[in-house]
Amino acid sequence: MSVLELPRLWRPETLQALFRRILDVAARPGQTADLSDLLDDRPAALAALATFCDNTQMLADLTGALSDTDLAFLDVRTAPVEQVGFILARGADAPRFTPRLGTLDAPEGGATIVVMVDSLTAGTPLTLTGPGIAAQALLSPSGLVPGWLDARAGWCADFPMGVDLVLVDKTRLAVLPRTTKIKGA
Amino acid sequence: MHPVDTMGQTREGAEYGFAFLDEDAKRELRRSIFKAVCIPGHQVPYASREMPIARGFGTGGMQLTLALLGPDDTCKVIDQGADDSVNAANIRNFFALTCPGVTGTLRTEAASVIQTRHRIPELPLRADQILVFQVPYPDPLVVVEPNAAKRRRMHGRADYARLWVKLYEDMVAFDEITISHRYPTRINGHYIIDPSPIPRFDVPKLHQAECLYLFGAGREKRIYAVPPHTDAIPITFNDVAFAVESFRDKTTGKRHVCRRCGADDSFLDEFPDNDGARVFQCSDAAYCDMRLERLEAAE
Amino acid sequence: MAYVAIRGGADAIKGSARLMEALRAMGSSAPLDLDQIERQMPLLHSKVLSEGSLYHPRLASLALKQSLGDSLEAAFFLRAYRSTKPRLGETAPHDTRSMRVVRRVSAAFKDIPGGQMLGATPDYLHRLFRFELMDEGPAQFDQITREWFGNRPKAEMPLTFPKVLDTLRAEGLLAPLAESDDEPFDITREPLIFPVPRSAQLATMARGETGGLLALAYSNMRGYGDVHPTVGELRVGYVPVMVPHPVTGKPMEAGEVLVTECEIVAMFEKSDDGAPVFTLGYGACFGHNEVKAIAMSVLDRAISVATEKGRISNPSEDPEFVLLHVDGIESMGFCTHYKMPHYVTFQSDMDRLRAARTKAEEATDAPR
């Protein structure tokens, strides 16, 4: 398939625009990115994976939300959840696994977990502090069970090891890097 | 069709995709940038691609910029603070050839992405701006430990004792910390970075900034980041204040000013003029131009 | 990106490009033909193919022409071009026993199965100028080729030859080849983070700069090291490139590449079953470049032996020292970059020096 025939979401110019918005909110935890004009009616979770995944990466889809076509376009290898760099999960299901946390020498090996929630703005506010945040920021996801924040606290207790979360609702995205401290909920 | 004409320059757009790099290369850069931002100050290794500009001339910075740029961007390239410097001009030409639609600018405030070698612009950057640094030596521990595996372990543990010893030896020998540029700076209380060969004068600009700072080493194949609103503290001893270049004249005690715009708050280039006299001028050409414009408008 | 109107630096660059062109075109010589470069300077051409790490003979010739004969610059052109090419697939490992040999010698034995084939080599010619070459024309070329092809009988020559080292293996004097399913390390996709596997070591050197590899190998040969090599086999020839058919998956010959391969036999050591055996050093590269293949095989052994013993005694044995410093594109780039403006950092240095001098003056109370 030539570049011109690719569905809009997968075209280089879309992926570049997606990446810039994801980067902006990764650098500023608490801020949300509206991806609706880029999504072509696909879910934000898929867009997040499309930005980063290719045949050098491994993915575990814990949601079953990815179709065979999606996986073909992502071109990732699937593997058990403890081994992969990218995980797709639901905020409604508390995690019952230990993801890759990276090592002291190579903390970038810690997984990126895309967590699908109902809304990024309709829940109880979490208070965020840390790099990227002036004083403090609020993020109010709904459909993220407490088990997620508990698990994350454990996974990220030993900086620089840890995981980086990408929270998505249908059209919006926010990032919780391992450095962000969370209070409340 | 040959993409290369006789002048050694690519015909615009011929045979290469937008921003020169293939999509796999851009994706890998973007993954590395993402992790670098999530782990402030950590040097993320990546498979640096060869560029048509030589290693040592900013290929790391270029790869970052090419992974970032889209047709909506406005891009500025500076070297030693000047857009006009041969290296900056060369890189800017490359972006013009390979990124159709991106607007070029000399004005700092107009740029969304700025690629720089050895300076941070004088004008504080905004949240909608990204500064990309060209980095020759990503690792500040190289001076005290030649073995890469040992350095990685020291960074992971934030064990910088040997760096402190080096600074102490400086104090003993010269009563001064003699590091001029590439001043080791601690990010978010953990990783110490080499902020690239920016002068001490520019190091305070890294601390709690509005913009995102990205650092790319092409030859050494590392990417690191200082996010906005992040602590960036140059390391020093409790009783030795971090000092920036003062530009104070030794005899008169007065701070030199730019001969062109009169600025007394910018980093100055010092050079002999044709009569052998020492002159001082803003290193940041855009800042100098902006001040001149304002002075002329005020008249 | 729209061009930005600028003075000074950009004008100088344009002027420089035009001057280089003018110097190239001046005088009475005809423009170089790409075929001339490939055919009449094949060894320089080979150097560029292998250091550029892209087997594209036509572009290697263009690179030499455009870079005015600078082999480091020419290799750089190829490397940069390669950067833009998408990866279509990967082949299975190739066995050089399938090589269509054009030259093949062994120093280890007087005679070898298939024979010592000298091929085209300057090794045993005298380095005396043939001044008649200063005045050659197409008529001379015609005569040379006519004399060569003339009434030459078709020789009964095999196209492929067995490996000399297989005889040593058969006798148990060399360890058998280990079967491996390991994925080779891809140096174009991952940075070298030490320790690296041997496949990374070989891949890095295969595209390394000949002079750099030679200097380091020479240091080992002269005594900063312990390899003491004997060339078991040096072969030059064309290896068919087998690419899996996109539908059937069956390996199909897509073409052939010129390869130089050297296997050295070095000092013996205890093998896994306790009996001592010879050790092996391996070097291979695109094109016809014997110095590089031999140097590479010596360094392969030097690094491997130091890794096995866990002790590095000389620079040629240190994988970081060797592998990080033999890439011509990286070393040339960094060396060249020192010509770029560094006046801001220099300004910063001056500030520090003046501060230190002031401190020194204050300490002694005497002006300096």
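## Strand pairing and ground rules

Two strands pair if DSSP finds at least two bridges between them. Helices (H or I, at least four residues) and strands (E, at least two) are themselves DSSP runs, numbered from the N terminus. Both terms are used below.

The model is predicted, so local features need pLDDT of at least 70 and side-chain atom pairs count only at pLDDT 80 or more, while totals for chains, interfaces and linings use all residues. Residues are numbered from 1 along each chain as its sequence is written, chains are lettered from A and ligands numbered from 1 in the order in which they are written, and side-chain values use heavy atoms, with hydrogens and water left out.

## Chain C overall

Chain C has 13 helices and 4 strands. Its C-alpha trace spans about 85 × 65 × 55 Å along the principal axes. Of the 368 residues in chain C, 39% are buried. Buried means under 20% relative accessible area, exposed over 50%, and partly exposed in between (1.4 Å probe, protein chains only).

Contact means heavy atoms within 4.5 Å. Take the contacts in chain C between residues at least 6 apart in sequence: 64% join residues at least 24 apart.

## A hairpin and a helix in chain C

Strand β3 (residues 251–270) of chain C pairs with β4(C) in the antiparallel sense, over 10 bridges. One residue of β4(C), Y282(C), is the bridge partner of E263(C). The hairpin of these strands has 5 residues between them. There, G274(C) takes a positive phi near 95 degrees.

Helix α8 of chain C covers residues 198–206. Its buried residues are A200(C), Q201(C), L202(C), T204(C) and M205(C). They pack against β4 (276–286), as well as α9 (210–222), α10 (290–309) and α11 of chain C.

## Helix α4 of chain B

Helix α4 of chain B runs over residues 148–156. Buried here are A148(B), R151(B), R152(B), M154(B), H155(B) and G156(B). What covers them includes α5 (161–174) and β7 (191–193) of chain B. Chain C contributes to the cover too, with α11 (319–323).

The N-terminal end of α4(B) is capped by N147(B). A side-chain oxygen of N147(B) lies 3.0 Å from the backbone nitrogen of A149(B). After α4(B) comes A158(B), with a positive phi near 55 degrees.

## Where the chains meet

There are 2 pairs of chains in contact, and chains B and C share the most contacts. Chains A and C do not touch; their nearest C-alpha atoms are 9 Å apart.

Chain A puts 38 residues in contact with 38 residues of chain B. These two chains bury about 3100 Å² between them, 60% of it on carbon and sulfur atoms. In chain A, R20(A), D105(A) and E108(A) lose the most area to chain B, together 19% of what that side buries. Buried area is the accessible area (1.4 Å probe) that two parts lose on being put together, summed over both.

## Charges across the A–B interface

Chains A and B are joined by 5 salt bridges. A salt bridge is a side-chain nitrogen of Lys or Arg within 4 Å of a carboxyl oxygen of Asp or Glu. R20(A) forms one with D73(B), and the closest N and O atoms are 2.7 Å apart.

Which elements give two or more residues to chain A's side? They are α1 (12–26), α3 (44–52) and β8 (164–168) of chain A. The largest share, 8 residues, comes from α1(A).

Note on methods: Polar contact = N/O pair within 3.5 Å; in protein donor to acceptor, adjacent residues only side chain to side chain.
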